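Subject: Structure handover

Hi,

Here is the structure I promised to pass on. Please open it next to this email and follow along.

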Amino acid sequence: MIKGRIIKGIGGFYYVVAAHTLYECRARGLFRKEGRTPLVGDIVDIDPTGEEGKAYLVDIYDRSSELIRPAVANADQVLLVFSAKKPAVSSGLVDRFLANMEKQEIGVSLCITKIDLLSKEELLEVMEPYVTAGYDIYPVSNKTGEGIDKVKDFLKGKNTVLSGPSGVGKSSLIKSILPDSAVEVGEISKKIGRGKNTTRHTEIMPVDDTSFVYDTPGYSSIELLISDETELDYLMREFRPFLGGCRFAGCSHLSEPDCVIRSKVDEGLISLKRYEGYREMYSEVKSRRKW
């Protein structure tokens, strides 16, 4: 039996790095019977078959964390990557992603790429809603290298999920972070069919001996992981200090009188753009629940 980590799963196969060797593994039927699904990031025991590079996945260790979307295990934090321009920031996608991470109770920070395409004033305008919400933001340019060292510091000693919409420069960011990837990493990537420009499956890549990134596929839409719109106000991080202060218990913060959330929007303590995003998400979940 050898202990290792699942770095990628595709087509019913799980690719496990154990004892500096990459194994292609099939999961034992026991997992299906028990309703257990191996995830990228899982620490596992494998049993080599005797055929070179082949093994059975026989056990999964307890997880320190588990995310539903993206489906990964043992991540410490998430870095949401989106671009300042080309494509421009989709506040709707960002709001949905942040709400989902808050729902899953994992720390999330933001990385804005392509900042060389914006003036300082334009960049501050893009960042303002999320700074006001209390999120850490890392502005970077993969072209000039600006901000890359700060991202590396953020990743140090952590298992970090990198997630973001398609076309925002996430792959370029990874290349900026890992310009001198170890030969072993390159060989593993080649063997398991990692795309050069498009990430189709989640894959773990080492930054150094203690730091790993989960490279996840891009997306163009996000489904909220909540079924009740009354959950949403708590998932807006900047709303939390003021919750319970409205005149009516169970205030939706949409039209009720003496709503403290709307008053904080008027005062500039809550971003109007973020509040508008809340209204859209609230309406979406409420209408979905009717069906």
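Helices (H or I, at least four residues) and strands (E, at least two) are DSSP runs, numbered from the N terminus.

Two notes on the source. This is a predicted model, in which local features need pLDDT of at least 70 and side-chain atom pairs count only at pLDDT 80 or more, while totals for chains, interfaces and linings use all residues. Residues are numbered from 1 along each chain as its sequence is written, and side-chain values use heavy atoms, with hydrogens and water left out.

**Helix H2**

H2 covers residues 91-103, so 13 residues in total. From first C-alpha to last, H2 reaches 18 Å. That is close to the 18 Å expected at 1.5 Å a residue. The expected span is 1.5 Å times one less than the number of residues.

How many of the residues of H2 are buried? The count is 11 of 13, and H2 is mostly covered. Buried means under 20% relative accessible area, exposed means over 50%, and partly exposed is in between (1.4 Å probe, protein chains only). Among the buried residues of H2 are Gly 92, Asp 95, Arg 96, Phe 97 and Glu 102.

**A loop residue**

Leu 224 sits in the loop between strand E13 (212-215) and helix H7 (232-235). Leu 224 is buried, with a relative accessible area of 3%.

**Strands**

Now find strand E5 (residues 54-60). Strand E3 (residues 21-27) pairs with E5 in the parallel sense, over four bridges. Two strands pair if DSSP finds at least two bridges between them. Ala 27 stands opposite Leu 57 of E5.

Strand E4 (residues 43-48) also pairs with E5, but in the antiparallel sense and over five bridges. There, Asp 47 has Tyr 56 as its bridge partner. The hairpin of E4 and E5 has five residues between the strands. In this hairpin, Gly 50 takes a positive phi near 105 degrees.

**Aromatic rings**

A pair of aromatic rings is described by the distance of the centres and the angle of the planes. Rings of Phe, Tyr and Trp (its six-membered ring) pair if their centres lie within 6.5 Å. Planes under 30 degrees apart count as stacked, over 60 as edge-to-face and the rest as tilted.

How many aromatic pairs does a search of the whole structure find? The search finds six. One of them joins Phe 82 and Tyr 130, edge-to-face, at 6.0 Å centre to centre and 65 degrees between the planes. This pair links distant parts of the chain, 48 residues apart: Phe 82 is in strand E8 (residues 77-83) and Tyr 130 is in helix H3 (residues 120-133). Phe 82 is buried at 2% relative accessibility. Tyr 130 is buried too, with a relative accessible area of 2%.

Next, take Tyr 278 and Tyr 282. Their ring centres are 5.8 Å apart and their planes are at 50 degrees, so the pair is tilted. The two are four residues apart in helix H9 (residues 272-290), so about one helical turn separates them. Tyr 278 counts as buried at 1%, and Tyr 282 at 9%. Phe 239, Tyr 275, Tyr 278 and Tyr 282 form one aromatic cluster.

**Charges**

A charge sits over a ring if NZ of Lys or CZ of Arg is within 6 Å of the ring centre and within 35 degrees of the ring normal. The charged end of Arg 5 sits over the ring of Phe 212, 5.0 Å from its centre. The charged end of Arg 26 sits over the ring of Phe 13, 4.0 Å from its centre.

**Cysteines**

A disulfide is a covalent bond between the sulfur atoms of two cysteines. Here the term means a pair of cysteine sulfur atoms within 2.5 Å. The structure holds zero disulfides. Cys 246 is buried at 12% relative accessibility, and Cys 251 is buried at 8%.

Best wishes
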